[in-house]
Structures are given as C-alpha cells and as structure tokens.
Amino acid sequence: MSFRTLPKVELHTHLEGCAPPEFIKGLAAEKKIDISKIFTADGGYAFRDFDHFLKVYEAACTTLQTPEDFRRLTLAVLEETAFHGVVYMETFVSPDFCGGGDLAAWKDYLAAMEDAAAEGQEKLGITLKGIVTGIRHFGPDACKPAARCAAETFGDFIVGYGMAGGEMVGRPGDYRYSFDMAREAGMPLTCHAGEWGGAAMVAETLRDLRVGRIGHGIGAITDPALIEEIAEKEIVLEVCPGSNVVLKAVKGWDNHPIAKLRDAGVKITVSTDDPPFFHTTMTDEYEMLHRTFGWDEDDFKALNKTAIAAAFCDDDTKTRIAKRLEPTP
Ligand code: HPA
Ligand code: ZN
C-alpha cells in the first residue's frame with residue numbers, strides 16, 4: 001500500500017533544503033552562476049558528509065538572491081510537499097539567506113514567502129508556517145540579528161524561532177541571548193540537537209536554551225534518565241530518519257532509535273529535513289517506517305496527532321488541521 005495520500009503533518013524542514021535540484025539549476029542558469037560541482041551526474045546534490053552537506057547547501061543558496069526567488073522556491077516546495085499528502089508544514093527560514101540579517105530586507109523576503117504560502121493554501125490546500133532559524137556555525141553574534149528578525153515578525157506566518165547548522169560549533173549556552181530574545185517575544189522554540197552531539201548535547205540544549213521541541217534528538221537514546229525526562233516534560237522530537245540514514249548519524253534504518261524512543265513514551269514526530277538532498281519524501285519515510293518497524297496507518301495517525309498538537313501555529317489553525325487528520329466517514 002502507499003501512504004502517499006494519508007494526511008500528514010511535517011514539522012521539520014529547511015525551506016532551501018527542500019529545493020528540487022532542477023529548480024536550483026534553473027536559477028543558476030538564469031543568473032549565470034556556476035555551481036555544477038554540487039550536483040551528481042544523475043542530477044542530485046553531491047556531498048560526502050554532514051560538513052560537506054552544509055557547504056553544498058550554502059552553495060545552492062547563492063542562487064536564491066531576491067524575494068521573487070523565494071516566492072518561486074516556496075511554491076515549488078509546496079507543490080512537491082502537498083503531493084505527498086502533507087496538509088500542514090513548518091519550515092525553517094533563515095534571515096542570513098534572505099538579506100543577510102537586515103530587518104527591512106527580511107520583511108521583503110518574508111512578504112514574498114507569505115504570498116506563496118497563501119497561494120499554496122488556496123490552490124493546493126496545504127498550510128505553511130515559518131520558523132526563523134539562526135545558523136549555528138555562523139556563530140552566536142550572527143544569530144542575534146536572526147533572532148531580532150524573528151521577534152519583529154512573529155505573527156501569523158512566523159510562528160517560532162530555532163537553530164540549525166553545525167551542531168558541534170560552540171555550546172548551546174553560547175546562543176542563549178538569541179533564544180532569550182525570541183522567548184521574551186513570546187515565541188515557541190526548537191533547536192537541532194542530538195543529531196551529532198549525543199545525549200549530553202540534548203540535555204545541555206534543554207537546560208540552557210529551554211526549548212519545547214528538539215530537532216532530531218536521537219542521541220538521547222543512550223541516556224535512560226534523559227529519555228525519562230524528555231517523556232515526562234513532553235518535549236517533542238522532530239525525528240528525520242531518512243536524513244539520519246543518508247548523513248550516517250545512524251548505521252541504517254534497522255538501527256534507528258525512533259521506535260525505542262516512541263516505546264519509551266517520548267513524543268515523536270516524523271519529517272524529511274531536506275528531502276531532495278536525502279532522496280526522500282514523506283511517503284518514503286512512512287514506507288520505510290512500515291517496512292522496518294511494522295508501523296501502520298494507526299501508528300501514523302497517532303504521529304500526526306502528536307505533530308499537530310506540537311505545531312507552533314495558533315489554535316484555530318490546529319483545530320482546522322486536526323479535523324483534516326480525522327477519517328472521513
Ligand atoms: N541539519 C542541520 N542544519 C541544517 C540542515 C540539517 O539537516 N539543513 C540545513 N541546515
Ligand atoms: Zn534539520
């Protein structure tokens with residue numbers, strides 16, 4: 001059976017990382033930018049490991065230069081995501097790639113993305129919300145303008161603040177200023193942790209940045225006391241198994257801790273992260289979870305209920321989306 005048409009909620013995607021390679025190649029050709037070396041012979045993105053992936057990602061982002069580029073990108077991403085049954089999607093957006101952290105420029109880019117989101121809602125029936133992200137390997141000082149952009153534009157479309165990028169750069173506490181700024185503006189928070197940094201990084205992130213969701217978080221698996229704490233505090237993990245397999249954060253699907261974490265009572269959600277980079281889609285993720293752990297439609301419905309409850313959007317949107325997850329009589 002295919003899980004493609006099952007209505008899904010996806011909380012952890014990076015907008016630029018969802019860009020189909022053909023889309024980026026098209027922009028590169030239009031702007032006469034030579035980034036041919038970031039593509040494989042068969043047209044995918046070429047990278048060796050996580051650090052190289054981040055470099056290739058940033059090279060692809062050099063083609064995205066104007067609000068109009070982001071409007072087109074957002075629409076292309078929504079078309080692909082909606083095709084896989086996603087009815088609600090949260091995506092990380094970075095002021096660093098949208099005007100270099102300048103607030104006025106950021107507002108222009110944001111208007112373009114919101115325009116595309118409205119079109120996606122109307123034509124494709126998919127709801128998109130944005131989470132502003134600081135980029136960890138750009139350093140704590142570069143995250144401050146990103147957090148300011150977040151705090152200044154928190155509202156209907158921008159629903160949260162988070163941090164992505166190189167997880168092993170600095171300690172979580174180095175980024176406290178940005179997270180505090182976003183928290184003081186009333187924003188829900190998430191942070192990548194435990195993709196590479198193990199249980200200690202997850203624990204430190206929870207302690208120092210006080211986030212309600214963790215991007216990945218799979219490193220927690222080695223620490224039973226931490227697992228208990230995460231379950232008890234109802235911290236939600238944005239797990240991206242296909243990404244973890246391709247980037248070798250785990251040895252393979254059979255070794256992925258998602259099922260053990262779920263069975264230990266942790267609130268688990270499933271996302272694609274950067275789908276074309278990792279040759280995945282939400283349909284593929286569900287298919288592999290079905291094959292590897294025997295998860296079926298009821299398990300996926302439960303995941304999606306967890307996900308919409310943990311979404312950063314307003315309650316009216318949650319109620320509307322939750323209705324779409326219920327079986328039609
Ligand atoms: N992980 C961390 N940072 C990122 C990613 C990712 O998968 N994609 C874009 N920035
Ligand atoms: Zn991610």
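Tutor: Before we start, helices (H or I, at least four residues) and strands (E, at least two) are DSSP runs, numbered from the N terminus. This is a predicted model, in which local features need pLDDT of at least 70, side-chain atom pairs count only at pLDDT 80 or more, and totals for chains, interfaces and linings use all residues; side-chain values use heavy atoms, with hydrogens and water left out. Residues are numbered from 1 along each chain as its sequence is written, while chains are lettered from A and ligands numbered from 1 in the order in which they are written.

Student: Happy to begin! Where is the place of D96?
Tutor: D96 touches G101, T133, I135, F138, A142 and A146, once residues up to four places away in sequence are not counted; contact here means heavy atoms within 4.5 Å. As for its place, look to the loop between β2 (86–93) and α4 (103–124).

Student: Is D96 buried, partly exposed or exposed?
Tutor: Buried means under 20% relative accessible area, exposed means over 50%, and partly exposed is in between (1.4 Å probe, protein chains only). The relative accessible area of D96 is 21%, so D96 is partly exposed.

Student: How many Å separate D96 and T133, C-alpha to C-alpha?
Tutor: T133 is on the contact list of D96. Along the sequence D96 and T133 are 37 residues apart, while in space their C-alpha distance is 8.8 Å.

Student: Let's go to the ligand. Which helix gives the most to the shell around ligand 1?
Tutor: A residue is near a molecule if one of its heavy atoms lies within 4 Å of it. Around ligand 1 the residues are H14, F50, F53, L54, Y57, A164, G165, H192, E195, D273 and D274. The greatest share, four residues, comes from the helix spanning residues 50–61, namely α2.

Student: How much of the area of ligand 1 does the protein bury?
Tutor: Accessible areas come from the Shrake-Rupley method with a 1.4 Å probe. Taken alone, ligand 1 exposes 260 Å², and the part of that buried by the protein is 96%.

Student: Why does V9 count as buried?
Tutor: V9 sits in strand β1 (residues 8–14). Its contacts beyond four places in sequence include Y88, V270, M282 and N304. V9 counts as buried because its relative accessible area is 2%.

Student: What is the C-alpha distance between V9 and F312?
Tutor: Contacts of V9 also include A307, I308, I321 and L325. Along the sequence, V9 and F312 are 303 residues apart, yet in space their C-alpha atoms are separated by 12 Å.

Student: What is the relative accessible area of N244?
Tutor: N244 belongs to helix α9 (residues 241–246). Its contacts, leaving out residues up to four places away, are E195, H216, I218, V239, A249, V250 and H256; among them, E195 is also one of the residues around ligand 1. N244 is buried, with a relative accessible area of 0%.

Student: And which helix holds L261?
Tutor: L261 is buried, with a relative accessible area of 1%. Beyond four places in sequence, L261 contacts I218, I221, I227, L237, V266 and I268. Its helix, residues 258–263, is α10.

Student: Last one: phi of K32 is near what value?
Tutor: K32 lies in the loop between α1 (21–31) and α2, and counts as exposed at 74% relative accessibility. R210, in the loop between α7 (198–209) and β6 (213–216), is exposed too, at 52%, and has a positive phi near 50°. For K32, a residue other than glycine, phi is also positive, near 55°.
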